[in-house]
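Please open the model in your viewer and keep the selection panel at hand. The tour below goes from one selection to the next and says what is to be found at each stop.

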Amino acid sequence: MKEYSTFDILGPIMIGPSSSHTAGAVRLGKISKQIAGQGFYEVEFILHGSFAMTYKGHGTDRALIAGILGMNPDDERIVHSFDIAKENNINIVFSASDLGYQHPNTVKILFKYEDKEDFYVIGSSIGGGNIIITNINGNELEMNGNKPTILLKYLDRKGVISEISSILAKDQLNIATMKVTRDKDIATMVCELDDNINSSIVDKISTIDKILYVKSINPIVR
Amino acid sequence: MFNRGTELLELCNEENKKISDIVIEKEMKATGMTREELIKIMGETLNVMKTSATEALDKEVKSLSGLTGGNSKKVQDYTKKGKTLSGVFINSAMAKAFSTSEVNASMGKIVAAPTAGASGILPSAMLSAQEKLELSDDDLIKGLFTAAGVGEIIAKNATISGAEGGCQAECGAAAAMAAAAIVEMAGGSPKSSLDAAGFALSNIMGLVCDPIAGLVEYPCALRNASGVVNALISADMALAHVQSIVPFDEVVEAMYEVGKALPETLRETGLGGLAGTETGKMCSKKIFG
């Protein structure tokens, strides 16, 4: 039996009209921006399934843009996000595509940068404002953004996990879950923690040998 | 801890407490937060509810799609004229429910209670009860914990999702939560609160989810307006000790069974019911092309 808290039932406080098509879309946008990083000049939203069919009526487009601008699901500026993106000189493109076997409310968010390669994140809004990220630049994974999360990519070798966990332990951070998958010699790790992560941890982890990518994502309010 | 209505009532009876007390204590244990912290968050929740339930009363709020809007103001203006069939109280409650639904459809701020689609019912019920029973905001905050406790039981043992159980699961749950809260705030017993919740679910059992164009607008706003009336009369029935034959937990089970038996076209797909009518399809075509 799933547990519910009082504020799962009376909440979230959100901008309407739909927890999955609006609130979840804001969270997808915001978490994707945190994964991809700042400095993009254009964002393309490739919508799949129900997102592609009904995004206009639910304001899913405004919600996704609000997310990549860093807004939370209860921000009353969401309705104006097209204008705010323009003020910030971010070009916005929407398209529809069949992304294959995916949840009906799925979006691929493609970030474009002047000084580095394109970066994409695929995620789904799975109901009640909950989301799941399933793909980052072709790496399949699963993260829901409900807990502070460290994302890592590294050339696999012995001892990496213990080096990471000792850095976390030194800073009194407790690991809640850790999942590692491997494609050829490149390993992807999703590590959820009980406490929020500060940037010094990311700096320390990035000094470990053969780390290709490290990012920390603190949870987004629901 | 409680998973079912019977367990909640036992806890109330053992300790001679209200449902809201038991829910607050459970939440303190589960989250580690203090009573004051929980009350503060619920106070913020109530404030959002108050704003959404009154914002569209005297200004026309249009939905993002352009399909609906302005009904809150229409009912409010009609109420002011004084000559109505169901009276000022019921009409004002409907206007407030419309208000939150319209704010939601226009990308305004609401509290999902328990969902965005059913978000008009609880705020209107709380404000209507506040006026009628002369309650303080603190009373309403406690009432919202009672509502949440009832909602938790429904979510755990059935569903609060229209895609899974139809409108009865969303507007039905919201009305049940509101009815239980009103009974407690009016001085009724915990058992009467659950009777009221059971009545509210029984009154609309089988209600389908058939939104035109799949949007949270029509008939959703109508069902929020009728949903708050359902909550108010269910509370009155329980306070009058109308005979409740099937206990709340079994009503919840029945709602779930009925929900699962509904065809997919009547579970938030925008295909059957009103969405599937000639006009419903035409509206959809106009919005999405």
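**Stop 1: the two domains of chain A**

Between domain 1 of chain A and domain 2 of chain A about 420 Å² is buried, and carbon and sulfur atoms give 67% of this area; buried area here is the accessible area, taken with a 1.4 Å probe, that two parts lose on being put together, summed over both. This is a predicted model, in which local features need pLDDT of at least 70 and side-chain atom pairs count only at pLDDT 80 or more, while totals for chains, interfaces and linings use all residues. Residues are numbered from 1 along each chain as its sequence is written, chains are lettered from A and ligands numbered from 1 in the order in which they are written, and side-chain values use heavy atoms, with hydrogens and water left out.

To make the selection, take residues 6-137 of chain A as domain 1 and 149-217 as domain 2, bounds that come from an automatic or database domain assignment. The contact between them takes seven residues from domain 1 of chain A and four residues from domain 2 of chain A, where contact means heavy atoms within 4.5 Å. The centres of the two domains, taken over C-alpha atoms, are separated by 26 Å.

Next, select Gln34(A), Ile35(A) and Ile136(A), which supply 71% of the area that domain 1 of chain A buries against domain 2 of chain A, more than any other three residues. Between these two domains the count of salt bridges is zero; a salt bridge is a side-chain nitrogen of Lys or Arg within 4 Å of a carboxyl oxygen of Asp or Glu. Helix α2 (residues 19-36) of chain A gives the largest share of the side of domain 1 that touches domain 2, namely four residues, helices being DSSP runs (H or I) of at least four residues and strands (E) of at least two, numbered from the N terminus.

**Stop 2: chain A against chain B**

Now show both chains: 30 residues of chain A are in contact with 40 residues of chain B. Together the chains bury about 2,700 Å², 69% of it on carbon and sulfur atoms, and Phe7(A), Ile9(A) and Leu10(A) supply 25% of the area that chain A buries against chain B, more than any other three residues.

If you then colour by secondary structure, α1 (6-9), β1 (13-15), α2 and α3 (49-58) of chain A each supply at least two residues of the side that touches chain B, and the largest share, five residues, comes from α3(A).

**Stop 3: charged pairs within chain B**

Over all chains the structure holds 23 salt bridges. One of them joins the side chains of Lys17(B) and Glu15(B) at 2.9 Å, N to O; Lys17(B) is partly exposed at 26% relative accessibility, as is Glu15(B) at 37%, where buried means under 20% relative accessible area, exposed over 50% and partly exposed in between (1.4 Å probe, protein chains only). Glu27(B) and Lys26(B) also form a salt bridge, at 3.2 Å between the closest N and O atoms, but here both residues are buried.

Finally, select Glu257(B) and Lys260(B), a salt bridge with its closest N and O atoms 3.6 Å apart. These two are three residues apart in helix α12 (residues 248-261) of chain B and are therefore separated by about one helical turn.
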